[in-house]
Amino acid sequence: MQARVQSDSKCNPGLRVVLWVVEARWKGIMASSAVVVFSYCFREVNFSADSGQEGSHMAFGQLEMIGGVCGANLVGMTTIKYDGHSIDTGPMGIWSWFLRSGSSGFGSSSTAEQVTDVIDATGLTAIVTGATSGIGKETARVLALRGAKVIIPSRDLENGLKTKESLLLENPKAKLDVMEMDLSSINSITSFARSFNSSNPRLNILINNAGIMACPFQLSLDGIELQYATNHLGHFLLTNLLLDKLKTTAKETGIEGRIINVSSSAHRRYSKNSSINDLKIINHPIKYKGYDAYCRSKLANILHANELARVLQEEGANVTANSLHPGLIPTNISRYINLKGFPFPVLKTLLKPIVKSIPQGASTTCYLALHPDLKGVTGKYFANCNESPPSSQAQDMDLGKKLWDFSLDLLNNLNNKPNNKK
Ligand SMILES: NC(=O)c1ccc[n+]([C@@H]2O[C@H](COP(=O)([O-])OP(=O)(O)OC[C@H]3O[C@@H](n4cnc5c(N)ncnc54)[C@H](OP(=O)(O)O)[C@@H]3O)[C@@H](O)[C@H]2O)c1
């Protein structure tokens with residue numbers, strides 16, 4: 001619907017108003033239905049993910065929050081209180097038609113192409129993790145469309161090559177390279193970085209986007225809970241191994257380097273009981289709650305970007321580090337959600353008008369990666385292409401420093417394990 005209204009933007013103004021009203025009313029009806037269904041779900045349906053009991057906590061919490069956001073959007077509220085936290089609700093869904101953009105000039109309905117319109121990224125090299133699907137794939141597509149050379153690391157080389165093929169079909173001029181990397185494995189990340197650093201003279205942009213959500217309890221090859229290992233520790237190591245390349249590129253070219261961590265508003269649900277710096281708690285199979293572990297890893301993404309920004313500023317490096325919430329987007333990230341007793345396709349249809357499309361979901365990342373207005377902006381958190389305050393824990397510099405030291409120690413210990421000694 002949205003694409004239709006936009007593509008009709010040159011049509012007669014009267015018809016545009018009619019289309020706009022139809023669009024808003026349609027979205028209103030769908031969003032109201034969604035709120036009713038969510039209210040019903042909270043009471044009657046036992047949600048669960050493949051991870052069992054823990055997963056039900058995840059889906060319940062997520063939907064409860066979405067229900068609140070829908071309701072808030074319907075009445076035009078821009079923040080709601082959830083679990084004692086203030087949550088920025090938008091502008092999303094129908095409300096984005098009335099409150100279209102923030103101070104950046106962009107908003108929740110902006111797409112990745114729109115926020116990078118007329119930006120020339122020729123000559124820049126970017127790494128986008130998790131570019132084989134969802135938000136990451138769209139980010140890679142748009143960066144390549146603007147002329148950047150994009151490296152697509154993939155844990156499955158064949159899947160990576162398929163992604164490259166499909167992106168090339170649309171844009172045969174795209175400069176894309178696929179390399180193997182599993183973010184849950186220290187050895188794999190180390191050999192990726194070694195190979196990248198030796199074969200590429202430049203790195204301007206690093207987008208730490210890959211992620212998994214609320215999977216059943218599992219330890220990585222290195223013995224770390226899988227979401228913590230993939231979403232946080234893997235990206236922490238990757239960034240450290242590529243930092244010199246980013247800094248020297250920025251120094252030699254005079255072009256600011258940019259590091260972007262794709263986090264989530266889910267970071268707000270992090271509870272202190274699921275400690276971010278205690279391996280006994282992180283790796284506890286009985287106390288494990290899939291969604292809690294996801295929230296912990298997403299908080300770690302913000303703390304990592306903030307501490308990195310501080311360190312880089314202290315060094316005087318011409319490299320920035322920021323983090324973001326992309327919005328709520330239907331992608332493969334929800335693969336572990338299994339709503340028992342409720343048809344997911346119906347829920348998905350109801351959700352459509354209030355969630356973002358994938359091009360909208362990739363907009364904040366592309367904005368942070370390429371937009372000239374972001375020059376010199378570092379250590380900030382963004383949502384809907386505008387700066388937005390994260391939770392108080394995410395702003396805790398002391399916690400960020402502790403997480404940094406803990407991650408370094410953990411990696412050093414793991415590196416000294418016989419399996420990882422090279
Ligand atoms: N979608 C949302 O509503 C939403 C909301 C807030 C935040 N986010 C964040 O947005 C980011 C992108 O998510 P998405 O929604 O686009 O999900 P997605 O479609 O599932 O994409 C996730 C990507 O991460 C990759 N990945 C997962 N584990 C990996 C590993 N061990 N090594 C290397 N790559 C790995 C996947 O690769 P494969 O193709 O091999 O699986 C895929 O390319 C995530 O960080 C997520 O937390 C998403």
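Here is a conversation about a predicted model, in which each label is set against its cut-off.

Reader: What should I know before I start?

Author: This is a predicted model, in which local features need pLDDT of at least 70, side-chain atom pairs count only at pLDDT 80 or more, and totals for chains, interfaces and linings use all residues. Residues are numbered from 1 along each chain as its sequence is written.

Reader: How many helices and strands does the protein have, and what makes a run count as one?

Author: The protein has 14 helices and 12 strands. Both are DSSP runs numbered from the N terminus: a helix is H or I with at least four residues, and a strand is E with at least two.

Reader: Why is Ala-214 called buried?

Author: A residue is buried if 20 or more other C-beta atoms lie within 10 Å of its own, exposed if 12 or fewer, and partly exposed in between, with C-beta atoms placed from the backbone. Ala-214 has 27 other C-beta atoms within 10 Å, so Ala-214 is buried. Its place is the loop between β7 (205-208) and α8 (226-253), and its phi is near 55°, a positive value in a residue other than glycine.

Reader: Why does Val-118 count as exposed?

Author: Val-118 has 5 C-beta neighbours inside 10 Å, and therefore counts as exposed. Val-118 sits in the loop between α4 (112-115) and β4 (125-128). Its phi is positive too, near 60°, in a residue other than glycine.

Reader: And what makes Asn-386 partly exposed?

Author: The count for Asn-386 is 17 C-beta neighbours inside 10 Å, so Asn-386 falls in the partly exposed class. This residue belongs to strand β12. Asn-386 touches Gly-102, Ser-103 and Ser-104, leaving aside residues up to four places away in sequence; here, contact means that the C-beta atoms, placed from the backbone, lie within 7 Å. Between Asn-386 and Gly-105 there are 8.6 Å in space, C-alpha to C-alpha, though they are 281 residues apart in sequence.

Reader: What share of the whole protein counts as buried?

Author: Of its 422 residues, 48% count as buried. Among contacts with a separation of 6 or more, 73% come from residues 24 or more positions apart.

Reader: How do you know that strand β9 is largely enclosed?

Author: Seven of the seven residues of β9 (residues 319-325) are buried, so the rest of the structure largely encloses this strand. Val-319, Ala-321, Ser-323 and His-325 point one way, while Thr-320, Asn-322 and Leu-324 point the other way. In a regular strand, side chains alternate between the two faces of the sheet.

Reader: How do you know which strands pair with β9?

Author: Two strands pair if DSSP finds at least two bridges between them. Six bridges join β8 (residues 257-262) to β9, running parallel, with Ile-259 opposite Ala-321. Three bridges join β9 to β11 (residues 381-383), also parallel, and there His-325 has Ala-383 as its bridge partner.

Reader: Why are β6 and β12 said to stand at the edges?

Author: Eight strands form an open sheet of mixed pairing, in the order β6-β5-β4-β7-β8-β9-β11-β12. β6 (175-180) and β12 (386-387) each have a single partner strand, so one side of each is left without a neighbour in the sheet.

Reader: What makes α13 largely enclosed?

Author: Eight of the eight residues of helix α13 (residues 363-370) are buried, so the rest of the structure largely encloses this helix. Among them are Cys-366 and Tyr-367.

Technical notes. Contact = placed C-beta atoms within 7 Å.
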